[in-house]
Structures are given as C-alpha cells and as structure tokens.
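Take a walk through the fold below.

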Amino acid sequence: MHTKAMVLSKKVFKDRHLISDVLLEDGSKKTVLFFGGQGGGSKSKPSTVELGFALNLSLKGNHKSRIYNCKDWTIHWRHLEVENNYKAYFLLNFFCEVINNVSFEDMNESSEIGELYTILSNACFYLDESIKLNNFDMYRSTFMFLGKLLYSLGIFPDTHNCIICKDKLIVGTYFNVLDGGFECSKCSDFQKPSEVFTNLQKVMFTPFKKYSDFTQLNLEQSRQIYTYFIQQFQINPHHIKSSQFIYGQ
Ligand SMILES: [Zn+2]
C-alpha cells in the first residue's frame, strides 16, 4: 500500500529501527515499523521519521501482527522552524498526542474522521509558518487546532442557546465548561462577551492561514477549551503528557 501519512509518535526499536503511530490521509491510524528509521549507519544518515513530518510510505501488512512494515519512505513535507523554538516544539508534540488519542485504526470510512489529516497537517504547517513570520502565539494556535477538531468531531460547544435559560444567545458571557455551553448575561455574573464565545463563532469559518484574525487568547481561555475537549472525549489528562508544558498540571 502506498500512502501519505503524518508521524504521531516514535519509539526506538532494536538498534536502528523505529516503531511509530502514523495518521493516514484517510484519517485512520496505523502502527508502522520503520526499518533503519533511526538513521545513522556507516553514512550517519539523519532520521527522516520525526513527529509532525508528512511521509510518502510504502506499507506492507503482516499477517502475524497489526504492525505494518515500511522499508521505503520519502519526506512529503517537513517543518523547518519548529525545532528552534521550544514552545512551538511542545505544541507540535501536543497536536500529535491529541490526534493520537482521537484516531483509530479502523475508522476511515466517515468523512469527519478523514478531516483529522487535514486538521493536523494544517496545524503543523501554519505553526511552522507562524515562527517564520514571527507571529507565533501558543494559545491562539491551540485554540484554532482544538476548535477545528471539536467541530469536525461533532462535539462543538453550543453557541446558539443559553445553557441555563435556553433563550437564544446574543452573546455568551461565561463558558460553562462542565455543561458544555455558554451562559447569557442574565444568567451569569458577567456582562461582556466571553473571548472564547467570540472566537468559537469564528473558528469554523476561518482557515488556518488567517489565524491572526483571532484575538489573542490568554492561558485561562485556552485552558477552558482544552478542559472541555478532554471532558467530552473522556480522556485521562495524564495521557496527553505534553499538555503539562502548555497548561501546567
Ligand atoms: Zn440565560
């Protein structure tokens, strides 16, 4: 099988190989053994299997195991700037870990799941671009990524009606993370529109390349959307290790 895939994880296997989870273009996840994936050898080749790289793979199934073998691959796209910025590198790890937690081996039929590849590849590409253009903002990138992901997975917070009184929402003033929606100014102590509300309304219509259209979010607002995400998906927070570098404990 020839396919394009993005690298989600890597583990050293024996002296020169790697075992990685990869996300295929159709949105399904596969575990792949890359022969010689660590690089090195007599010519000291660098590894070309890195988190967030998009690779052209030639995969061979193995009837004894669910791990695919790969001896031939080329780089389709790679980030060039991310390694030079440790915050961006944590964020790249975070994107890959989140996608690894919401993707499955056999779920490649529905179009929603197919969007995972588009979301991850755009998130990585524009993360790299934002460093090149010197407009990298960790919380804005996180918000854009999680917003697109929630929308595609069909677990977007309700922005139409107040979560308490059910009236039509003109502005959501408080994000009620536990109940998965917004409270109106009559039901909450807040009067001003919540930045999370304003940006969530924009997120479905804003392509990744326009991400500077978002108002800058602070840590707390970004944390709210992340908390909502792990709660909706019932993910144990400890399973996404890179989140501690972004949100703390
Ligand atoms: Zn209300």
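Begin with Lys14, which sits in the loop between strand 2 (11-13) and strand 3 (17-24). The model is a predicted one. Lys14 has a phi near 55 degrees, a positive value in a residue other than glycine. Most residues other than glycine have a negative phi. Is Lys14 buried or exposed? Lys14 has 10 other C-beta atoms within 10 Å, so it is exposed.

Asp15 belongs to the loop between strand 2 and strand 3. Asp15 has 7 other C-beta atoms within 10 Å and is therefore exposed. Now look from Asp15 to Phe197. These two are 182 residues apart along the chain. Their C-alpha atoms are separated by 50 Å.

Lys166 is found in the loop between helix 3 and strand 7. Here 13 C-beta neighbours lie inside 10 Å, so Lys166 counts as partly exposed.

One more loop residue is worth a stop. Glu50 lies between strand 4 (29-34) and strand 5 (54-62), in the loop. Glu50 has 19 C-beta neighbours inside 10 Å and so counts as partly exposed. The threshold for a buried residue is 20 or more. Glu50 and Ser20 are 30 residues apart in sequence. In space, the two are 9.4 Å apart, C-alpha to C-alpha.

Now turn to the helices. Helix 4 covers residues 195-203. Which of its residues are buried? They are Val196, Asn199, Leu200 and Val203. Viewed down the axis of helix 4, these buried residues fall within an arc of 105 degrees, so they line one face of the helix. What covers them? The cover includes helix 3 (138-152), strand 7 (174-176) and helix 5 (219-233).

Take helix 3 as the next landmark, starting with its contact to helix 4. The axes of helix 3 and helix 4 come within 10 Å and cross at roughly 60 degrees. The two helices are therefore oblique to each other. Their crossing is right-handed. From helix 3, the contact takes Phe143, Met144, Gly147, Lys148 and Tyr151. Helix 4 supplies Asn199, Leu200 and Val203. By class, the contact of helix 3 with helix 4 has 5 nonpolar, 2 polar and 1 charged residues.

Next comes helix 5. The axes of helix 3 and helix 5 come within 10 Å, with a crossing of roughly 25 degrees. Helix 3 is therefore roughly parallel to helix 5. The crossing of helix 3 and helix 5 is left-handed. On the helix 3 side, the contact is made by Tyr139, Thr142, Phe143, Leu146, Gly147 and Leu150. On the helix 5 side, Leu219, Ser222, Ile225, Tyr226 and Phe229 take part. The residues of the contact of helix 3 with helix 5 comprise 8 nonpolar, 3 polar and no charged.

Helix 1 (residues 86-102) is another partner of helix 3. How do their axes lie? They come within 11 Å and cross at roughly 15 degrees. Helix 1 is therefore roughly parallel to helix 3. The crossing of helix 1 and helix 3 is right-handed. Lys87, Leu91 and Phe95 in helix 1 meet a set from helix 3: Met138, Ser141, Thr142 and Phe145. The contact of helix 1 with helix 3 divides into 4 nonpolar, 2 polar and 1 charged residues.

Finish on Leu150, a residue of helix 3. Is Leu150 buried or exposed? Leu150 has 20 other C-beta atoms within 10 Å, so it is buried. What does Leu150 touch, not counting residues up to four places away in sequence? Ile155, Phe156 and Phe229 are its contacts on that count. Phe229 also takes part in the contact of helix 5 with helix 3. Tyr117 is 33 residues apart from Leu150 in sequence and 14 Å apart in space, C-alpha to C-alpha.

Technical notes:
Residues numbered from 1 in each chain as written. Predicted model: local features only at pLDDT ≥ 70, side-chain atom pairs only at ≥ 80, totals over all residues. Buried ≥ 20, exposed ≤ 12 C-beta atoms within 10 Å, placed from the backbone. Helix = DSSP H or I, 4+ residues; strand = E, 2+ residues; numbered from the N terminus. Arc of directions from axis to C-beta. Contact = placed C-beta atoms within 7 Å. Axes fitted to C-alpha atoms, helices over the stretch in contact; angles between N-to-C directions. Parallel < 35°, antiparallel > 145°, perpendicular 65-115°, else oblique. Left-handed = near helix turned anticlockwise from the far one by under 90°. Nonpolar A, V, L, I, M, F, W, Y, C, P; charged D, E, K, R; others polar.
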